[in-house]
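Work through the exercises below with the model open. Try each task before reading its solution.

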Amino acid sequence: MQDDIVDVNAKIKAVDYSPIKTGENVVVVTPTYAWRIPPRIVSDWLSKTKLLSAKRIWFVMNCGSEIGNASKYNCSLAEQKHLCYMGTSQILMPENYIAMFDAPQAEEARKIVKNAEPTIVDTIACIKAEQPFPVPRNNLYDRFMSGPVNSIFYQFFVKATAFQTDDTCIGCGQCVKNCPKNNIALENGKPIWGGINVLNVWHVFVIVPQKQ
Ligand SMILES: Cc1cc2nc3c(=O)[nH]c(=O)nc-3n(C[C@H](O)[C@H](O)[C@H](O)COP(=O)(O)O)c2cc1C
């Protein structure tokens, strides 16, 4: 879309809640964690950070399989910020929760990315036309996953303790550099994880303030 991007990962890492000058249209692009946007620190950052001039907000959520009823929670967040909620678009991308699942092989991952292109094109078209996204699926299963399962998943399964390293780690320190909660340190050239819940740790999250 040739718009400016704000790296929210960096903002959170720097504990920076200073207002951001946006256009009237804001797009939040974020991976799905436990059938919602990565909660707590991200919604916390969005709640606290003023998006100057913003009127409308779209959410684009990439996911390994499904976003559940994430739209409901995104809508609440938009309302809380007095922004017009323009919907949530689900984009299927390679799975990356390696603590529980296998990541797809490179060839399979390339296919997944390629298959996502039509949805990405439709998503961009909607935003450019200032149209709301089509309403995503929202059945009992979706509501269950984004509701009670989100809390259980978060509490019991998503922990930094699930991560470890082996001899293939070259100790490059990228994980330390990118962790927004500064929860990873290098010890003898290998990463060690602190006690912070990983849902508060891993995310790639950007806001795209559109030029008007
Ligand atoms: C902690 C965690 C939880 C996840 N939960 C979900 C989920 O509920 N639904 C889903 O479809 N994908 C889930 N995923 C997969 C990611 O959303 C998906 O791989 C996404 O494309 C990753 O985006 P990124 O490469 O921009 O980080 C999860 C990944 C992580 C790390």
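Buried means under 20% relative accessible area, exposed over 50%, and partly exposed in between, with a 1.4 Å probe and protein chains only. Helices (H or I, at least four residues) and strands (E, at least two) are DSSP runs, numbered from the N terminus. This is a predicted model: local features need pLDDT of at least 70, side-chain atom pairs count only at pLDDT 80 or more, and totals for chains, interfaces and linings use all residues. Residues are numbered from 1 along each chain as its sequence is written, and side-chain values use heavy atoms, leaving out hydrogens and water.

**Exercise 1.** Find which residues of helix α3 are buried, and where they lie around the axis.

Solution. Step one: take α3, residues 70-80. Its buried residues are Ala70, Ser71, Asn74, Leu77 and Ala78. Step two: check the arc, taken from the directions from the helix axis to the C-beta atoms. These residues cover only 120°, so they sit on the same side of α3. Step three: list the partners. The buried residues pack against α2 (41-48), β5 (56-63), β6 and α6 (140-157). Step four: look just past the helix. There His82 has a positive phi of about 60°.

**Exercise 2.** Decide whether Ser89 is buried or exposed, and list its contacts.

Solution. Step two: apply the cut-off. Ser89 is buried because its relative accessibility is 7%. Step three: collect contacts (heavy atoms within 4.5 Å). Leaving aside residues up to four places away in sequence, Ser89 touches Phe59, Val60, Met61, Thr123 and Phe133.

**Exercise 3.** Classify Leu51 as buried or exposed.

Solution. Step one: Leu51 belongs to strand β4, residues 51-52. Step two: its relative accessibility is 10%, so Leu51 counts as buried.
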